[in-house]
Amino acid sequence: MIDILLIILSISLLYMSIANRLISYLRILVLQGLILFGTTYLTLTEVNTLNLLLIMLETLVFKAIAVPWFMNYVIHKNKITREAEPYLPSFISLLIVTLIIVFAIILASFMNNEHLDKTFFVVAISTIFSGLYMIVSRKKIITHVIGYIVIENGVMVLSLAVGNEMPMLVNLGVMLDIFASVLILGIFFNKIGDVIKDPDVNLLSKLKDN
Amino acid sequence: MMIVAFLIGTILICCGLVFNRNKAVNYILVALYVPMLWGFSVYECFHLNQTEFSFFTVDSLGLLLLLVLCLVAAPALFHGYRYLEEHNTTETPHSRGLFFAAMCLLISACSIAYLSNHIAVTWIFVEITTLSASALIYHHRNIRALEGVWKYVFICAISITFIYVGILFLSLSIKDAGIEDMSFRSLYQNRLKLDPYWLKLSFLFIFTGFTAKFGLVPMYTAGIDAKDKAPAPAGALLSSILMNLGFVSVYRVYAIMAQTPMQGWARTLMIISGLLSIFVAAVYMTRIKNIKRMFAYSGIEHMGLVVLGLAIGGIGVYAAILHILLHTLVKPTLFFQYNQIYWVYQSKSVNDLGNYFKYNKTGAVLVLLAFFSATAMPPSGLFVSEFLLFQSMLETHHLFMLLVVVLLLTFIIWGFGSNIFKLLFTPKEDIDESLIPHISPWESSSQYVLLALSVYLAYNPPVEMVNLINNAVGLIQ
């Protein structure tokens, strides 16, 4: 069951690479949040109940509900155009994300560790690097933020893989999630909306070296 | 328990600064903070190699960096005060309080992170520095400051995620060794038992993550914009004590890899990053027109040298530590002095600057001396550490690397020099001299002290300092 959820997560990455409208990105984020919720429940069987509840609450409320809802609000409030505006055509994006997944599988084939499930490793690494790819290949600031949240989802998968032995690390990951997302989204995206009307990354590219 | 007391004191002072609107009370709080910081450092001096609160150990390197932090922190707060007084028209009680609260928080977070003996604790304090630095960068509340802080926060968020992934890999590598404790000491003691595959991956991620604070390729970019947009006293802290935080974290993780078969891998990684950093600094500094950014790029160059020293080993490790200590004293002087330059010309583009000797003699002499110091020409203190660095390259037969570094440094000196000499000597005609404020020579006094100290420490190092550095070097060799 865990494997099925994780495979759906990596399929969502492929879909994300060809998605064209911002709303589909948000839906994928919701889907990924729900997958993480399920995976957390199924994986962390040895963690004490209160801690497990805290982590699951974070994945469900924060990742699957609050962040996508807030982004949707920002998109409407700032009247951001609905297109994702990638720099590269969808086909090439699809190819690159596929290559990232293949690379992760090759990397996993070198490893030899009975403490880590290879599926977790492959899905986590491919999610992290697809998120990075999303950031460099899309034009809008809001898609950069979505890319960052995809990276965090990947990190969450990785931390779940070691979560049973070291719940402290999963808690740290939850802290990272909340801290970084609140800093980036909460304080900050509101300000961007106030100062510039169309959060296009081009408006924030005047700091240069001459 | 002193660390907890210091942390609580910092939090109380920061809260006081944020919520209080009275100017005099704010300045009293800042004035209280400095003796508190100094008292904390003096206390730690007498508790070398003792563990407090189970997550903090006062080791040699941490103590050295803490002491230079104390030297820089007081003038930074003083220049922060001068900066706000000069910009009085746009400052509100709220922005003033926030500025000082963020400065104090940044200084405290760095000083506590130096002493942390657990990678997760270091990581948490690195996050706090990101938070306080972003408040400082966004001080002016305009669109360019927004852009600077946006880039900084975003890249730092990615960098702390990378460090976190590195910590996860590290936790996988210790499983086979059968240890639970992830403190630096326990990792160091069990370094030969750790799983090499995970340790290599972990070092890759942790090193890449810390380059954002350390100021190296690939994540140096955020720091440049941050130092450009933050008020200069804050820029001075970002380019000294915050970079040291990156250094100390990389150093502790590298110490785990050193003396194991994985050292070669870590070395290659650091040499690539160091050389690329010096290259990037050389490319930008030869064509840059914004002098504040130029100071920031000069920091990238020095950090490149430091990481090369670490990677090469031999006497290079000693040189790297000495270099970073002296750099902490030299770089802030340039940023402090930048404020005076801006008061004279109201511009940071080198095209608008010139004939500085005529308008501010004391400041101009200082800029000249600081230029010699920052480019490591004798009698600068940095000359000693760079000389040792080159010596270590020769001894370890890295001739080609030495050649490349010297060539790039020549470019850097040329670029740096042409801008500084334009500022100091080129006659300036289209400037309204009646608008130029009189700048008291006393404004430059703290910078002279810092520069003199950097020379003194390099040519006549106290025995205690040499012992502490040698102790710290012992971790790697």
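Q: Is B:Ala74 buried, exposed or partly exposed?

A: Burial is judged by counting neighbours: a residue is buried if 20 or more other C-beta atoms lie within 10 Å of its own, exposed if 12 or fewer, and partly exposed in between, with C-beta atoms placed from the backbone. B:Ala74 has 17 C-beta neighbours inside 10 Å and therefore counts as partly exposed. B:Ala74 is found in helix 3 of chain B, residues 60–86.

Q: What conventions and what confidence apply to the model?

A: The model is predicted: local features need pLDDT of at least 70 and side-chain atom pairs count only at pLDDT 80 or more, whereas totals for chains, interfaces and linings use all residues. Residues are numbered from 1 along each chain as its sequence is written, and chains are lettered from A and ligands numbered from 1 in the order in which they are written. The quantity pLDDT is the predictor's confidence in each residue, from 0 to 100. For chain B its mean is 92, and 100% of the residues reach 70 or more. For the complex, the predictor gives an ipTM of 0.90 and a pTM of 0.93.

Q: How many helices and strands does chain A have?

A: Helices (H or I, at least four residues) and strands (E, at least two) are DSSP runs, numbered from the N terminus. Chain A has 7 helices and 0 strands, and its pattern along the sequence reads α-α-α-α-α-α-α. Of the 210 residues in chain A, 41% are buried.

Q: What share of the contacts in chain A joins residues at least 24 apart?

A: Two residues are in contact if their C-beta atoms, placed from the backbone, lie within 7 Å. When contacts in chain A between residues at least 6 apart in sequence are considered, 73% join residues at least 24 apart.

Q: Which residues have the most contacts inside the largest nonpolar core?

A: A nonpolar core is a set of buried Ala, Val, Leu, Ile, Met, Phe, Trp, Tyr and Cys residues joined through C-beta atoms within 7 Å. The largest one has 236 residues, and B:Met103 and B:Ile321 have the most contacts inside it. Helix 6 of chain B gives the most to this core, with 22 residues. Not counting residues up to four places away in sequence, B:Ile321 touches B:Leu61, B:Ile469, B:Ala472 and B:Val473.

Q: What span should helix 6 of chain B have?

A: The expected span of a helix is 1.5 Å times one less than its number of residues. Helix 6 of chain B (residues 143–175) has 33 residues and should therefore span 48 Å, which agrees with the 48 Å between its end C-alpha atoms. This helix is mostly covered, as 30 of its 33 residues are buried.

Q: Which residues are joined by cis peptide bonds?

A: The angle to read is omega. One cis bond joins B:Val217 and B:Pro218, with omega about 10°; B:Pro218 lies in the loop between helix 8 (196–214) and helix 9 (221–229) of chain B. Another joins B:Pro378 and B:Pro379, also with omega about 10°, and B:Pro379 is in the loop between helix 16 (361–374) and helix 17 (381–395) of chain B.

Q: Where do B:Asn49 and B:Ala376 lie?

A: Each has a positive phi in a residue other than glycine, near 65° for B:Asn49 and near 60° for B:Ala376. B:Asn49 lies in the loop between helix 2 (23–45) and strand 1 (51–52) of chain B, and counts as exposed because it has 10 C-beta neighbours inside 10 Å. B:Ala376 lies in the loop between helix 16 and helix 17 of chain B, and is buried, with 25 other C-beta atoms within 10 Å.
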